[in-house]
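Subject: Structure handover

Hello,

Here is the structure I promised to pass on. Please open it alongside this note; my findings follow below.

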Amino acid sequence: MTPGFRLTAASGLHKGDRPYQQDQVLLINHPHAPGCLLGVVADGMGGRSGGRKASDQVMMTARQLFARFDPAHEGAPSLLRRLVEEANTVIKLTAISSEQEPHSTLAAFLMNPDGNCAWIHAGDSRIYHFRKGELIKRTKDHSYVQALVDRGDINEEQANVHPQGNILLGCLGMKTTPPPIDIHITPRLEPGDVMLVCSDGLWHYFSDEELAELLCHQPPRAATEVLIAEARYRARGNGDNISLAVVKLEALPPVVQPAEAPVA
């Protein structure tokens, strides 16, 4: 990471009011490159075992690729693109061998030691970048309701309660449609910046402003606990699986130089 910064982070996972857990979350440091960090969320779909198999395949692929990643010689966008493509291939092969139809969303960000951050997503799991209590950017869902919003047929508030909000136009494991490859690069992160990656079981219950306020003023662990508890409350007994990872950049205190010794 850029000198003078430190990272604080937390992740959370809750099955909500569902009988089983299909979400998966991963937040890991690179084994050989200090300051290199990968965050991934996968929201599996396809029945009790099918969805979990799909999200498991995303996590397995992410771990394998990240362990071999060399930030000094390989670009983060290249790794993230391979993550989407290879996880999609493995999920489709699983569908053939298991006679199921597993699918999964994917949202991932990779922070490099030099302070830049690359993102990729497929489906309706999201990545947010906050700075000084405001949203800088977030991913746009690959969903039917997002297409309606883009056309101007409905607004964001209507999209959040639309009865077809669970229909995805792009994700991993689709038979005839390749997963979308949407890559965004933040050239330089700053002290106080917060990155959030989460499934729709979390973001569905919060406005961008609520997320920004909480995440920018609370440590990641405290914010994660509050977000899960509040999402559970707002779901009123009908909540989906919840997964999230939060990373916050904090400036280190200035180094105090020792006073010079008097000259005799």
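Start at G152: this glycine sits just after helix 3 and has a positive phi of about 85°. Keep in mind that the model is predicted.

Helix 3 itself spans residues 144–151, and its buried residues are V145, Q146, L148 and V149. They lie on the same side of helix 3, because they cover an arc of only 155° around the axis. What do they pack against? The buried residues of helix 3 pack against helix 4 (156–160).

Most residues other than glycine have a negative phi. K132 has a positive one, near 55°. You will find K132 in the loop between strand 7 (126–131) and strand 8 (134–138). Its relative accessibility is 73%, so K132 counts as exposed. R236 is not a glycine either, and its phi is positive at about 55°. R236 belongs to the loop between helix 7 (220–235) and strand 11 (242–251). R236 is exposed as well, with 67% relative accessibility.

Next, the charged pairs. Side chains of opposite charge can pair when their charged atoms come close. How many salt bridges does the structure hold? The count is 16.

- D240 and R18 form a salt bridge at 3.6 Å, N to O. This pair links distant parts of the chain, 222 residues apart: D240 is in the loop between helix 7 and strand 11, and R18 is in the loop between strand 1 (5–14) and strand 2 (23–29). D240 is partly exposed at 22% relative accessible area. R18 is partly exposed at 32%.

- D208 and R138 form a salt bridge at 3.7 Å, N to O. D208 is in helix 6 (residues 208–217) and R138 is in strand 8, so the pair ties together parts that are 70 residues apart in sequence. Are these two residues buried or exposed? D208 is partly exposed, with a relative accessible area of 22%. R138 counts as buried, because its relative accessibility is 18% and the cut-off for buried is under 20%.

- E210 and R234 form a salt bridge at 3.0 Å, N to O. E210 comes from helix 6 and R234 from helix 7, so this bridge ties together parts that are 24 residues apart in sequence. E210 is partly exposed at 34% relative accessibility. R234 is partly exposed at 30%.

- E74, R82 and E86 are joined in a network of salt bridges.

Best regards

Definitions and conventions:
Residues are numbered from 1 along each chain as its sequence is written. This is a predicted model: local features need pLDDT of at least 70, side-chain atom pairs count only at pLDDT 80 or more; totals for chains, interfaces and linings use all residues. Side-chain values use heavy atoms; hydrogens and water are left out. Helices (H or I, at least four residues) and strands (E, at least two) are DSSP runs, numbered from the N terminus. Buried means under 20% relative accessible area, exposed over 50%, partly exposed in between (1.4 Å probe, protein chains only). The arc is that of the directions from the helix axis to the C-beta atoms. Contact means heavy atoms within 4.5 Å. A salt bridge is a side-chain nitrogen of Lys or Arg within 4 Å of a carboxyl oxygen of Asp or Glu.
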